[in-house]
Amino acid sequence: MPVFSNGLIPAIASSVLAFSYPVPMGQSIEPGALTKPEGEIVSIDEDRARRMTVPVSIEGRGPFSFVIDTGAERTVLSRKIATRLALDAEEPAELLSIAGSSTVDMVYVPELTVGTKSYDSLIAPVLLARHIGADGILGLDSLQNQRVLFDFVANQISIEDTDTPNSMASNREIVVTAKRRSGQLIFTEATISGIRVNVIVDSGAQISIANSVLRKRLSKRAKERGEDDSLIAVTGQTLGVEFGRARNLRIGRAEFASLPVAFADAPPFEKLGMAKKPALLLGMDVLRRFDQVAIDFKKRKIHFLLPKNTRVKL
């Protein structure tokens with residue numbers, strides 16, 4: 001079974017940065033909103049693709065900077081770190097990235113620790129650090145039974161057990177229920193220009209990517225065409241995309257007037273059974289428009305906390 005990793009970095013930084021709209025840091029959080037983190041809080045840094053990285057130790061060594069990637073099935077190590085730690089090699093495996101399949105080296109990771117939580121006996125792909133954009137990627141195999149809270153205001157991540165109480169006192173909070181497919185959480189409580197869309201939250205991607213089915217549906221409605229370009233996946237492969245701008249993104253009650261999108265028939269859409277349906281990989285450009293995003297993998301719930309100035313339909 002192929003390993004699956006969605007992560008990507010821009011091939012031409014200026015083209016991607018033109019479509020990046022982060023939520024401003026330093027906004028206040030309404031008391032009682034979404035959750036006051038009660039789990040293990042991990043300070044974060046922002047990597048060069050404006051994703052989120054956390055300090056990770058391997059067999060007590062580190063810390064190393066890992067991207068939190070909710071679109072990747074497996075935890076990934078850079079070749080530099082794998083070599084430095086002299087990790088035992090495993091049989092090579094096929095890895096499916098946003099740009100296609102490739103055969104990659106694998107290593108055995110005896111113990112990986114994030115905060116106070118440790119994960120034993122991981123088999124991880126090894127990729128080049130310049131393509132990952134960090135020392136590694138923390139994937140779904142290390143997150144499946146956890147709730148991960150991305151707090152863009154406090155600039156921290158809270159990794160907690162799903163049984164920890166989660167406050168829902170704010171009317172700015174939106175909760176959607178997802179279905180699970182190949183470890184990924186997919187939700188359908190979203191529309192673009194009135195078109196129902198299947199959505200995967202992909203914290204490892206700087207920009208959002210939509211398939212050609214959605215592009216064709218939007219071409220007669222409200223899509224502004226942009227230029228053709230390419231992105232570089234974590235494997236170093238390139239993916240040709242058409243940059244554009246779609247209008248009227250709605251997630252539950254939240255509504256955004258405009259959405260920058262890279263359109264491409266990326267292999268993960270077919271793998272997840274969404275090649276013939278309007279589908280979107282929701283990247284950090286959109287996630288950062290919220291104050292907080294919490295992903296509860298065990299309960300299949302995704303929580304979005306809106307900024308105070310966001311248009312909300314009650």
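Glu 173 sits in strand β14, which covers residues 173-177. In this predicted model, Glu 173 is buried yet has no salt bridge. The nearest side chain of opposite charge is Arg 253, 7.3 Å away. Glu 173 does have a polar partner: a contact of 3.1 Å joins its side chain to that of His 303. Elsewhere, charged side chains do pair, and the count comes to 5 salt bridges.

**Salt bridge Arg 147 – Asp 296**

- Side chains of opposite charge can pair when their charged atoms come close.
- Arg 147 and Asp 296 form a salt bridge, with the closest N and O atoms 3.5 Å apart.
- This pair links distant parts of the chain, 149 residues apart.
- Arg 147 belongs to strand β12, while Asp 296 belongs to strand β25 (residues 292-296).
- Arg 147 counts as buried because its relative accessibility is 2%, under the 20% cut-off.
- Asp 296 is also at 2% relative accessibility, so it counts as buried.

**Salt bridge Lys 271 – Glu 73**

- Lys 271 and Glu 73 meet through their side chains in a salt bridge of 3.2 Å, N to O.
- The two residues are 198 residues apart, so this pair too links distant parts of the chain.
- Lys 271 is in helix α5 (residues 267-271), and Glu 73 is in the loop between β6 (61-68) and β7 (76-78).
- Lys 271 is partly exposed, with a relative accessible area of 23%.
- Glu 73 is buried, with a relative accessible area of 15%.

**Salt bridge Arg 79 – Asp 105**

- Arg 79 forms a salt bridge with Asp 105, and their closest N and O atoms are 3.0 Å apart.
- Arg 79 lies in helix α2 (residues 79-84) and Asp 105 in strand β9 (residues 100-114), so the bridge ties together parts that are 26 residues apart in sequence.
- Arg 79 is partly exposed, at 35% relative accessibility.
- Asp 105 is partly exposed as well, at 36%.

- Asp 151 lies in strand β12, which runs over residues 146-151.
- With 3% relative accessibility, Asp 151 counts as buried.
- Asp 151 and Gln 292 are 141 residues apart along the chain, but their C-alpha atoms are separated by 4.6 Å.
- The side chains of Asp 151 and Gln 292 are joined by a polar contact of 3.2 Å.

**Negative charge on the surface**

- A surface patch of negative charge gathers Glu 59, Asp 88, Glu 90, Glu 91, Glu 111 and Asp 120.
- Glu 91, one of these residues, is found in strand β8 (residues 89-97).
- Glu 91 counts as exposed because its relative accessibility is 65%, over the 50% cut-off.

**Backbone features**

- Most residues other than glycine have a negative phi, and most peptide bonds are trans.
- Gly 62 and Pro 63 are joined by a cis peptide bond, with omega about 5°.
- Pro 63 is found in strand β6.
- Asn 155 has a positive phi, near 60°, and is not a glycine.
- Asn 155 is in the loop between β12 and β13 (156-161), and is partly exposed with a relative accessible area of 27%.
- Arg 300, also a residue other than glycine, has a positive phi near 60°.
- Arg 300 lies in the loop between β25 and β26 (301-305), and counts as partly exposed at 34% relative accessibility.

**A buried loop residue**

- Leu 272 is found in the loop between α5 and β24 (279-282).
- Leu 272 is buried, with a relative accessible area of 1%.
- From Leu 272 to Ser 182 is 90 residues in sequence and 7.1 Å in space, C-alpha to C-alpha.

Conventions. Residues are numbered from 1 along each chain as its sequence is written. This is a predicted model: local features need pLDDT of at least 70, side-chain atom pairs count only at pLDDT 80 or more; totals for chains, interfaces and linings use all residues. Side-chain values use heavy atoms; hydrogens and water are left out. Helices (H or I, at least four residues) and strands (E, at least two) are DSSP runs, numbered from the N terminus. Buried means under 20% relative accessible area, exposed over 50%, partly exposed in between (1.4 Å probe, protein chains only). A polar contact is a pair of N or O atoms within 3.5 Å; within protein, one must be able to donate a hydrogen and the other to accept it, and residues adjacent in sequence count only if both atoms are side-chain atoms. Patches are made of residues with over 30% relative accessible area and no salt bridge: like charges are joined within 9 Å, nonpolar side chains (Val, Leu, Ile, Met, Phe, Trp, Tyr) within 5 Å. Accessible areas come from the Shrake-Rupley method with a 1.4 Å probe; for residues, only the protein chains shown count as cover. A salt bridge is a side-chain nitrogen of Lys or Arg within 4 Å of a carboxyl oxygen of Asp or Glu. Lys and Arg count as positive and Asp and Glu as negative; His and the chain ends are not counted. The place of a charge is taken as NZ of Lys, CZ of Arg, CG of Asp or CD of Glu.
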